Structures are given as structure tokens and as C-alpha cells.
Amino acid sequence: MPVPVEPSTRSISGKLGALPSKIRLVARSRGKEVARLDFTQGTVLIGSSKDCHLVLKDDTVSRKHAELSLRGGGLLVKDLESRNGTRLAGSRIKEAFVPVGATLVLGEAELRIEDGTDEGRASLGPLTSIAPPMTKAIEALKRVAPSDATVLLEAETGSGKEVTARAIHQASPRKGAAFETVDCGSLPRELAASELFGHMKGSFTGADRTRPGAFERAHGGTLFLDEIGELPLELQPLLLRALENRQVRRVGDEAWRPIDVRVLAATNRDLDAEVKAGRFRADLLHRLSVVRVRLPPLRERVEDLPHLVQAILDALGPRARGFTLTPELYTQLARHRWPGNVRELKNLIERAVALGELEAPGGGEGEAEAGKAAPARIDYHQAREDALAAFEHDFVAHLLRTFDGNVSKAAREAGIDRVYLHKLIKKHGIDVSAL
């Protein structure tokens, strides 16, 4: 369902969903917030005049530009014959009922309509949520952030593990010091020890200079070990020693160096299962999980979609000005399963802004059930093979789209062998470059 972008002037009727008990108006001009106002009843006059309820200092905004009023359970916006117009979703409007989450464009300024109620909301830096599973996680992180306790974040790929780790760092006494990230999933096995602990000049081929490792670079600050479940087994005892003794030894050196580092780790793997399988040390898991917090996937926090979409649009800057999703599109987004989580949402919104329209992704379980077709064959075995082939094609195509065609990463995140994934791509004739 495309977002309409048209230059016409029109009136829109019909109320769009239930309103919260308090509406928050946030005005932005040239990329900066310039005013905000909460209201629960009556009419709000918006313009550049000091006589307005919400004063928007922008030379493209008329003295009395527009008004918003609560009418019969709906929020009605009315343009007051302004010089540069009022726009909603690309269309210049005279009056319209607008939903919470919409962004109006007044001249060149923006006016975002938000839910002003804070009940049940939890925040930590850029993290904010009204969904119970996420608010529970945020509250736990807020309690632990001021300490030096090691935290293990467990979350699916794309759920914002690094953003969360940075939020913990910024809420800690170490916020003025370094924040160092190591992606254990992308470390070359032969260089992993050097990256973590450093090396001396001449200690191995290519070591043309002495280099401190991530632990030393993060001294006084925070070290974030992303995808810790991918760390080679032979390096795990060295990491355990660094965590327990707070000292490291560079590759090729004999001296131990003291470190003052707060360690945060994250994984999308079930580390308890990895321990049982012999791929992860139990003692290291115990040391990493002093505090263990699960970040819920996006499908468990769809209440946060309006806020997340707006945060993505804000980050895109002027090119996303006035881009608004309809309530119908939000309903479709809420039904989607989001296998790529917030990263998938970010890619979807960026693509929509670039193209000027948004095609909502496939729906959730209810839609999938409703849209199932009966098997084309009566023979059970052949029907089963057809269904499996269709599943493989759709799964592989979606997997590759989620990871931007990176076959190695897609295979790793899906838990399948890279060579086997290449075979599936070839078997189903999938053109990776065209995804």
C-alpha cells in the first residue's frame, strides 16, 4: 500500500483511531526542535505570532498558520489560509482528521503529533518503550548501568544490541571514557587474540608494529563484545582470565598489563545450549552473565512501532520531512513477523523515503494462514516436495534480502553451512544481485 504523495489541496474526513488522553505536539525547524506543547482538550493555534498557543519561529510559517482541535474523539487539523500551506503525507490540505504519529509540514517546518501519556513508558538514552517485555528489560538495564557489573545481552539479530550497550555506557560513570566494540563473529580466527589482547612488533607475519588490543584501548571505559557466542573455543580461556584477573598479555609479550574495563557482551545464540554442545565454556558463561538481560524481538514490542519509525525518520534528516505512515500501514507493520527486527524496519523505512512510497511487508501468522493455498497435487510425497521447495525458495530469498546479499553472514545468522546455502541459491535460481 503506497504512501500517497500528491500536490493537490483537499479536505479529508473521517476520524483515525482512538486518541490518548494527552496529545503532545513537537515542532521542528531546520532539523532542530523549537517548541513542544501538551494538551488534553480544546483548540491549539499554531503560527509564528506570539499570540499563538504553539509559537513556531520559522519564516515559512504564517503568523496564524493552522489550528488543531479535539472534535468528537478525533484530532482535526485546519489550515488557516496560510501562505505556504499545511501538508499531510505530501498532500496540501484544508482540513483533515489526523492520527497520532502523523507529521504535518507547515511551510518548511514540521509538527509531529505524539502520544503525550507517559504511563508505562521506560527510557534509557535512545531506548524507549511502552511494550511490557521491553520496558522490563530497560528497567533492569537502568538499575545495572551505574555499576561495573558485566552484562550479557541476549537478542535476535537486528534487535539493537550495540545501541543498548552504548546506552548502558552513557548511563554509567565511565561515559566520558572509551567505548570499544569487537564483533567476535567477524574476527579472523588467526587474528582474534591480537585484536582482543594486542601484539608486539614481529610477533607474527605482518606484525610490523606494536599494537594494543581492544582491552587496552578500552582502558577506563567499556568494552562491548558483540556476538560473543562466535568466539573461538581456544580463545575463551584467555578471555576468562582477562575478566577474572583484570590483566592481559599481548601476543609475543611476556608482561601482563593491568586493565580497568567494564565488559558488556551480546549474543543471538542460546549459550546454555552451546555449553551443552561443548562449543562454549560454562565458566566463561557464568563470568559473562553476572547480569543477564533478554532484549525482546520487534514482533513482541509492536506497540513501539510509531516511536521507532519516527526515530528512523529523524535520523534521515531533511529528506524524510513530512513522510507519514497511515494507520492502515501501521496495522500491516504490526502483523509482520520482523525476522530482521529493528534493522529490517530501518531498511524498510529508508527504502520507502528514497522511493516515495512504502509497501508493507508480508503479514503475520493470521494473514499467512488466511492466504494459504491448497496443495496443487493430490500425491502426498510430491505435494510435500513442492511445499518444501517453495519454503526453501522463499526462506532463502528473504534471508538474503535481510542481510543485503551477504551470503556468509546470512548463513551464520540462520545457523546453516555457507556451502549449503550456496547450493540452495543455485538450486532455486535465486539472483543475489537482484534482491
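This is a predicted model: local features need pLDDT of at least 70, side-chain atom pairs count only at pLDDT 80 or more; totals for chains, interfaces and linings use all residues.
Is Cys 52 buried or exposed in this structure? With a relative accessibility of 7%, Cys 52 counts as buried, because buried means under 20% relative accessible area.

**Cysteines**
- Cys 184 is buried as well, since its relative accessible area is 3%.
- A disulfide is a covalent bond between the sulfur atoms of two cysteines.
- When the whole structure is searched for such bonds, zero disulfides are found.

- Strand S2, which spans residues 23–29, is mostly covered, for seven of its seven residues are buried.
- In a regular strand the side chains alternate between the two faces of the sheet.
- In S2 both faces are covered: one side carries the buried residues Ile 23, Leu 25, Ala 27 and Ser 29, while the other carries Arg 24, Val 26 and Arg 28, which are buried too.
- Strands of a sheet pair through backbone hydrogen bonds, and they do so either parallel or antiparallel.
- S2 pairs with strand S3 (residues 32–39) in the antiparallel sense, over seven bridges, and within S3 the residue that partners Ile 23 is Phe 39.
- The hairpin made by S2 and S3 has two residues between the strands, and there Arg 30 adopts a positive phi near 50°.
- S2 is also joined to strand S11 (residues 109–115) by six bridges, again in an antiparallel arrangement, and in S11 the bridge partner of Ile 23 is Asp 115.

**The parallel sheet**
- Five strands make up an open sheet with parallel pairing, and their order is S15-S18-S21-S14-S22.
- The edges of this sheet are S15 and strand S22 (291–294), each of which pairs on one side only.
- From one strand to the next, the twist averages 20°.
- Inside the sheet, strand S14 (residues 151–154) and strand S21 (residues 262–267) run parallel and are joined by four bridges, with Val 151 standing opposite Leu 264 in S21.

**Aromatic rings**
- Two aromatic pairs turn up in a search of the whole structure.
- One of them joins Phe 179 and Phe 224, whose ring centres are 6.3 Å apart and whose planes meet at 25°, so this pair is stacked.
- Because Phe 179 belongs to strand S15 (residues 179–183) and Phe 224 to strand S18 (residues 222–226), the pair ties together parts that lie 45 residues apart in sequence, and both Phe 179 and Phe 224 are buried.
- Phe 197 and Phe 215 form another stacked pair, at 5.8 Å centre to centre and with 15° between the planes.
- This pair links helix H3 (residues 192–197), which holds Phe 197, to helix H4 (residues 214–217), which holds Phe 215, across 18 residues.
- Phe 197 is buried, having a relative accessible area of 5%, and Phe 215 is buried with a value of 1%.
- A ring also meets a charge in this model, as the charged end of Arg 241 sits over the ring of Trp 256, 4.1 Å from its centre.

**Helix H14**
- Within helix H14 (residues 418–427), the residues Leu 421, Leu 424 and Ile 425 are buried.
- These three cover an arc of only 100° around the axis, which means that they lie on the same side of H14.
- The face turned away from this buried side carries Lys 423, Lys 426 and Lys 427, which are exposed.
- Just after H14, Gly 429 takes a positive phi of about 60°.

Definitions and conventions: Residues are numbered from 1 along each chain as its sequence is written. Side-chain values use heavy atoms; hydrogens and water are left out. Buried means under 20% relative accessible area, exposed over 50%, partly exposed in between (1.4 Å probe, protein chains only). The arc is that of the directions from the helix axis to the C-beta atoms. A disulfide is a pair of cysteine sulfur atoms within 2.5 Å. Two strands pair if DSSP finds at least two bridges between them. Rings of Phe, Tyr and Trp (its six-membered ring) pair if their centres lie within 6.5 Å; planes under 30 degrees apart count as stacked, over 60 as edge-to-face and the rest as tilted. A charge sits over a ring if NZ of Lys or CZ of Arg is within 6 Å of the ring centre and within 35 degrees of the ring normal. Axes are lines fitted to C-alpha atoms, for helices over the stretch in contact, and angles run from 0 to 180 degrees between N-to-C directions.
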